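Hi,

Here is the structure I promised to pass on. Have a look at it first, and then read on for what turned up.

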Amino acid sequence: MSTGRIRLLVDINIHEGKFAEFEAIVKQMVAVSEQEPGTLGYHFVLSADRARCRLIEGYADQAAITAHFAGPAVQQFVPQMMQVSSPVRMEIYGDPGAKVMAMVTAFGAEIFTSWQGFDR
C-alpha cells in the first residue's frame, strides 16, 4: 500500500553565538505550523552542543505541504532563520508536488520517492 504522506528532513548548523535568536525563530515556526491542519508532525531536535539542529516534518499530502510552504513558517520565518543558521541537508520523502519541488531545488534538496511500505 502506498501513501500520500510526505516527510521532510532538514539538517541545520546554528551560527556561533546565535542560539538564542535561532530558538526564538524556531518557537514561532512551531506555533504557526501547529495550526496547519495537514501538518502531522513538526519537530526540531538539537545536538548536545546546541550547534546543530534537525527539523523533521510530516504532512498528510501534497496540499498540506504546499500550504505549509506558502505559509508564515516558510515565507516569513525561514528568511529570518537563514540569518542565524545554515541548512546543510534537505531530504524529502514522497512526492511534494511541483510547487514545493521548485522551491526546495534552491536548497539542493534530495527527493526520495515512495517505493515499498505503508503507513497506518
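A quick definition before the details: a residue counts as buried under 20% relative accessible area, as exposed over 50%, and as partly exposed in between. Keep in mind too that this is a predicted model.

Let's start with Ala51. Its relative accessible area is 28%, so Ala51 falls in the partly exposed class. You'll find Ala51 in the loop that links β2 (39-46) and β3 (52-59). Setting aside neighbours within four places in sequence, Ala51 touches Ile12, Asn13 and Ile14. His15 is 36 residues away from Ala51 along the chain, yet their C-alpha atoms are separated by 7.2 Å.

Ser47 sits in that loop between β2 and β3 as well. Is Ser47 buried or exposed? With a relative accessibility of 14%, Ser47 counts as buried, because the cut-off is under 20%. A polar atom of the Ser47 side chain lies 3.4 Å from the backbone nitrogen of Ala51. Gln83 is 36 residues from Ser47 in sequence, and the two are 20 Å apart in space, C-alpha to C-alpha.

Now the sheet. As a reminder, strands of a sheet pair through backbone hydrogen bonds, either parallel or antiparallel. Here there are 5 strands in an open sheet with mixed pairing, in the order β2-β3-β1-β4-β5. The edges are taken by β2 and β5 (110-112); each has a single partner strand, so one side of each has no neighbour in the sheet. On average, neighbouring strands are turned by 15° against each other, direction ignored. β2 and β3 run antiparallel and are joined by 7 bridges; Thr39, for instance, has Tyr59 in β3 as its bridge partner. Helix α1 (residues 19-34) packs on this sheet and touches β1 (6-14), β2, β3 and β4 (85-93). The direction of α1 makes about 165° with that of β2.

Which element gives the most to the lining of the largest pocket? That is α3, with 5 residues. At least two lining residues each come from β1, β3, α2 (62-70), α3 (72-81), β4 and α4 (98-105).

Cheers

Notes:
Residues are numbered from 1 along each chain as its sequence is written. This is a predicted model: local features need pLDDT of at least 70, side-chain atom pairs count only at pLDDT 80 or more; totals for chains, interfaces and linings use all residues. Side-chain values use heavy atoms; hydrogens and water are left out. Helices (H or I, at least four residues) and strands (E, at least two) are DSSP runs, numbered from the N terminus. Buried means under 20% relative accessible area, exposed over 50%, partly exposed in between (1.4 Å probe, protein chains only). Contact means heavy atoms within 4.5 Å. Two strands pair if DSSP finds at least two bridges between them. Axes are lines fitted to C-alpha atoms, for helices over the stretch in contact, and angles run from 0 to 180 degrees between N-to-C directions. A polar contact is a pair of N or O atoms within 3.5 Å; within protein, one must be able to donate a hydrogen and the other to accept it, and residues adjacent in sequence count only if both atoms are side-chain atoms.
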